[in-house]
Amino acid sequence: MTDTTFDIPFKSPTIPAALTADTRIRFRCYPGISCFNACCKQADVTLAPYDILRLKRRLGLTSTEFLRDYSVPFQMDGDGLPGVKLKTQDNGTCLQLDGDAGCAVYTDRPTVCRYYPVALLALREKGSAESEERYSLVKEDHCKGHAEDREVSIGDYRTEQGCAEYDDHNREWYQLLLKKKSAGPTVGKPPQTSLQLFFMASYDVDNFRKFVLSAGFRRTYVLPDAFYAAIEQDDEALLAFGFRLLRQVLFGERTLEEVANAWEQRVEQRRDVWDARKQAEIERRLADEDKKYAGDGCETQRGDN
């Protein structure tokens with residue numbers, strides 16, 4: 001098997017071995033260990049969609065506000081697929097580090113922080129349509145937790161750290177990344193509008209909600225009223241729907257039924273908008289021409305003599 005995922009959670013000194021949930025590791029982190037908070041002072045944390053939901057609610061922000069104040073964008077691949085990392089101070093310290101007290105948002109900390117020093121991998125055998133979750137071990141010089149006298153299975157460690165809930169909500173997103181990477185040139189570079197939708201559906205869910213609840217979206221897709229009522233309040237349901245929509249947008253999978261002739265209607269509507277803009281531009285230029293002569297006391301006439 002080969003690692004066909006993006007380097008999630010981040011590029012790191014990872015031991016190149018595909019471990020399982022039964023693999024036992026030696027590790028313990030606790031207040032009082034000599035390296036406590038050292039990883040938070042060298043933070044390179046890639047955020048998954050559910051991470052942002054938890055953090056924006058914890059901080060009492062909209063997703064748009066959280067992205068503006070607490071994140072930095074980066075490109076996950078050569079096609080410009082957008083990713084998001086936690087913003088740090090200039091010296092690399094996480095903005096959520098509360099001095100010696102540790103993480104200020106610990107119960108809502110991101111997936112990467114929960115898994116550390118384990119890295120989650122998505123592996124797929126050549127020719128297989130299904131991926132399997134495996135793990136690798138991250139060992140960094142500053143971390144002394146590996147020298148602690150405590151053994152634990154990766155499965156039990158995941159349970160301790162509350163990883164399962166995060167994985168359940170992020171799994172479909174990881175599958176999108178894996179499919180995008182493994183498909184490569186067969187899919188081609190997504191257009192800019194698709195990349196913008198990927199960013200909105202993955203990270204900026206409050207703006208994505210406005211998009212899905214818009215009249216134009218309702219005219220395009222066949223969805224029950226109960227769906228719209230649910231996503232007005234349920235961030236997790238909206239996130240899951242976003243992944244479903246992205247499968248259709250990025251890979252052409254028919255995950256959603258479209259209203260009959262919706263495409264033709266959109267083309268016609270855009271033609272009307274274009275015609276209106278063109279007419280407005282003509283009027284603007286004619287007005288500019290009038291202004292050129294108005295200062296000379298000249299009168300111009302247009303139309304029939």
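The lining of the largest pocket in this predicted model has, by class, 26 nonpolar, eight polar and seven charged residues, where Ala, Val, Leu, Ile, Met, Phe, Trp, Tyr, Cys and Pro count as nonpolar, Asp, Glu, Lys and Arg as charged, and the others, Gly among them, as polar. The model being predicted, local features need pLDDT of at least 70 and side-chain atom pairs count only at pLDDT 80 or more, while totals for chains, interfaces and linings use all residues. Residues are numbered from 1 along each chain as its sequence is written, and side-chain values use heavy atoms, with hydrogens and water left out.

Let me stay with the pocket for a moment. Rolling a probe the size of a water molecule over the atoms shows where empty space is left. A pocket here is an open set of points, on a 1 Å grid over the protein atoms alone, where a 1.4 Å probe fits, with protein on both sides within 12 Å along at least five of seven lines, and lining residues have an atom within 4 Å of a point. The largest pocket has a volume of about 840 Å³, a volume being the space filled by probe spheres set on the points, which are joined across faces, edges and corners. Its lining is made of 41 residues, and Cys 29, Cys 39, Cys 40, Cys 113 and Tyr 116 lie nearest its centre. Helices α3 and α4 (154–161) each supply at least two residues of this lining, and the largest share, three residues, comes from α4; helices (H or I, at least four residues) and strands (E, at least two) are DSSP runs, numbered from the N terminus.

Thr 111 sits in α3, which covers residues 111–115. Is Thr 111 buried or exposed? With a relative accessibility of 5%, Thr 111 counts as buried, a word that stands for under 20% relative accessible area, whereas exposed is over 50% and partly exposed lies in between (1.4 Å probe, protein chains only). Not counting residues up to four places away in sequence, Thr 111 touches Asp 51, Tyr 166, Asp 167, Asn 170 and Tyr 174, contact meaning heavy atoms within 4.5 Å.

Apart from residues up to four places away in sequence, Pro 49 touches Asn 170, Trp 173, Ser 202, Leu 239 and Phe 243. Pro 49 and Asp 204 are 155 residues apart in sequence, yet 8.8 Å apart in space, C-alpha to C-alpha.

In α7 (residues 205–212), Val 205, Asp 206, Phe 208, Arg 209 and Val 212 are buried. Seen down the axis of α7, these buried residues fall within an arc of 155 degrees, so they line one face of the helix, the arc being that of the directions from the helix axis to the C-beta atoms. Among the elements covering them are α6 (192–202) and α10 (235–251).
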